[in-house]
Amino acid sequence: MDAVDPGTASTPLRLLNHGIMPRALRTVWILGAIISLFKEGAPDQPSSLTCDPASVCDCHSGSLNSIPSGLTATVKSLDLSNNNITYVSDSDLRSYVNLRALSLECNRINTIEENSFSSLGSLKRLDLSCNCLLNLSSSWFRPLSSLTFLNLLGNPYKTLGQASLFSHLTNLRILKIGNTYTFSEIQENDFVGLTFLEELEIVASNLQRYEPKSLKSIQNISHLVLHLKQPVFLLDIVVDLLSSLEYLELRDTHLNTFRFPEISINETNTLTKKFTFRNVEVTDESFNELVKLLSSVSGVLDLEFDDCTLDGIGNFDISLLDRIKDAGKVGTLTIRKLHIPHFYSFTDLRSIYSFTGSVKRITIESSKVFLVPCSLSRHLKSLEYLDLSDNLLAGNLLRNSACEHAWPSLQTLILRQNHLTSLDETGEILLTLKNLTNLDISKNNFHPIPETCQWPEKMKYLNLSSTRIHDLTSCIPQTLEILDVSNNNLNSFSLLMPQLKELYISRNKLNTLPDASFLPLLLVMRISRNAIHTFSKEQLDSFEKLKTLEAGGNNFICSCEFLSFTQEQQGVSQILIDWPENYLCDSPFHVRGFRVQDTHLSISECHKAALVSAVCCALFLLILVTGGLCHHFHGLWYMQMMWAWLQAKRKPQKAPHRDICYDAFVSYSEQDSHWVENLMVQELEHFNPPFKLCLHKRDFIPGKWIIDNIIDSIEKSHKTIFVLSENFVKSEWCKYELDFSHFRLFDENDDAAILILLEPIEKKAIPQRFCKLRKIMNTKTYLEWPPQEAQQEGFWLSLRAAIKS
């Protein structure tokens, strides 16, 4: 631990050294001091640092207080923006020898040591913007010979320093310097060493001093973005740059006091080709001065006003504007969001007619234009491109703008997002434009579309996107080569377009591709985000000339046919330009959200017909086998008996005594009926007292199901007599049903059954299905019919006794 100077020690430390601090307090203080020293000595841990496989490390917004250590030398990009870093030491970045991009934007850096970037010879991008650097040092940038991008915006320095900062940055192409409040001086040696810049941005809203020729040292600048609040030094800057600057963009400037002496420029060949004024305020007088500036520039210019304010009433100097017209200065004029507070004080627009005579391209967007006077339209004889998007043009006022002989050379007209409502009226108004080939009238409201319309005969391109149309009619010109009807409510496309080469119909409600016979020359079709579920190889092949198809974003049903076509067809990825990212399955449910390219269905899902056929065949064979087994093993008989048994089970377990109507129910084979009816009935029913027997021939109720008759008769009988014989066990199925129904009695009371063996029967001869009968014969005594008459009387006595028991 470093020694502490007693003269600078804190009060607690002095108390501790003098031994007058209480022991408990002393212990607490020591612990606190150790923890504090530990925190101070511990380096920041890159807890929020993440690096991808390409060695790009993102540590922005991680609340870091210093540059993290521990990263390897392979790091190529390091983003430390939006942290709390205040200090960069000469060892913080020493190991990052392969670093290509370093962002220290929006920290609190106030100090950078001289050799902090000494190991960053491969660095190409460095962002130090939005920090607290009061002074800049050339030694920071001396090792950065590979640097192409440098951002020093938003630091509170007043100047760039005495020595040239950028003299060693021979590869620098983009440079951003200055700040809004404190940067006040541009010096002659500030840009020494820089020969070519693609972009130079200078924020000098509070500029107090500009040394002449400060920017002239740069031999070529493609684009200068200059933030000046007042135009005091604008003339000097422009004079220095006209021979080396291609594009000047002036921002946030009040040009009310700008004056341009015509003797200022001696250059005969100026390089500047484009001027942009963004958020600039001008008056009628300062506009005249700008015209002088433009007239001194050689060659054709692009002129742009974006979000500017014209604080005047159009009192322009016509003689100055004539200079531009005669020299053919302005080729492209762009005006966006122009504010004219005193517009309704304009008495006339004739003063700008000559200014626009040679213009070939005009864009006036979002400027509340509701009318282009016919006289102005006629003066625009060279105009080929006119964009009046996001204005207030309506049909009746458009008629005045597109009057006879208006815009005679116009080829492209953009009327996007105006107040047009009638498609046929719009087409008729534009008939005066004989050379019109491209028309954009999107984001208007043209619902409904009429059946017929008139259009300029050279029309090749029509944009009707976002116009709320529900269908397409023959109002659409058949001369079109490009048609855009995206973002509407179309359910189908059935319009014959024999010359159409490109169709844009995304974001509608189509559920299938258009019929190729309507579009014989189609090369490009974009039909994404509709309601299409599938398309086939045959459909694509029907478009013989189709080269590009964009059909992603639809709700695809991933059937086996669709998956097979898209995954196996060669050349699909060449036609489907958004394949495979935008092609997702919507159904079946278990693959919803999967990419079509990665989806695979099971065999059962892909071969349903074959699977159903196989199942049917197997089921048919199973039925045949089951039928054969049932026939062989009397399965039908068992099922019938099971049903009867169940029926019997639902009956009361035992009939009340008052419901007994018979002494015995007799179960016998039809072939033994002679013995039953002539012998047993005579012996029992004619005995005194007589027995009442239940015989199926005599006592069953006609029309009632036989099983129900059997069950009722058994339940109403005191006993059940089984007349057993060879005929009994071999009788018809109905007799087996009769015998099976008797088993309910066996379940309730074995004594209710009386067995009469009419003739000897071998137990092996009794079928297995008579398992109950076999069991009873093994466990109960049965009566045997004696063939000798002497013994028959004893038989009848025993039978009568059994019935009475």
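D90 and R94 pair up through their side chains in a salt bridge, 3.9 Å from N to O (a salt bridge being a Lys or Arg side-chain nitrogen within 4 Å of an Asp or Glu carboxyl oxygen). D90 is partly exposed at 27% relative accessible area (buried is under 20%, exposed over 50%, partly exposed in between, using a 1.4 Å probe and protein chains only). Keep in mind that this is a predicted model, where local features need pLDDT of at least 70, side-chain atom pairs count only at pLDDT 80 or more, and totals for chains, interfaces and linings use all residues. Numbering runs from 1 along each chain as its sequence is written, and side-chain values use heavy atoms, with hydrogens and water left out.

**Salt bridges**
- The structure has 27 salt bridges.
- E365 and R336 form one of them, with their closest N and O atoms 3.5 Å apart.
- That pair ties together distant parts of the chain, since E365 sits in strand β20 and R336 in strand β19, 29 residues apart (strands are DSSP E runs of at least two residues, helices H or I runs of at least four, numbered from the N terminus).
- R336 is partly exposed, at 28% relative accessible area.
- R336 and E365 also belong to a salt-bridge network that includes E249, R251, K274 and R278.
- E550 and R526 meet at 2.8 Å, N to O.
- This pair also links distant parts of the chain: E550 is in β28 (residues 548-550) and R526 in β27 (residues 524-526), 24 residues apart.
- E550 counts as buried at 17% relative accessibility, whereas R526 is partly exposed at 25%.

**Around β19 and β20**
- F343 lies in the loop between β19 (330-336) and β20 (361-365).
- F343 counts as partly exposed because its relative accessibility is 31%.
- T363 belongs to strand β20 and is buried, with 9% relative accessible area.
- Leaving out residues up to four places away in sequence, T363 touches L333, T334, I335, Y385 and D387 (contact means heavy atoms within 4.5 Å).

**Helix α11**
- Helix α11 (residues 560-568) has C560, F562, L563, F565 and T566 as its buried residues.
- Their cover includes α10 (537-542), β29 (556-557), α12 (572-575) and α13 (603-606).
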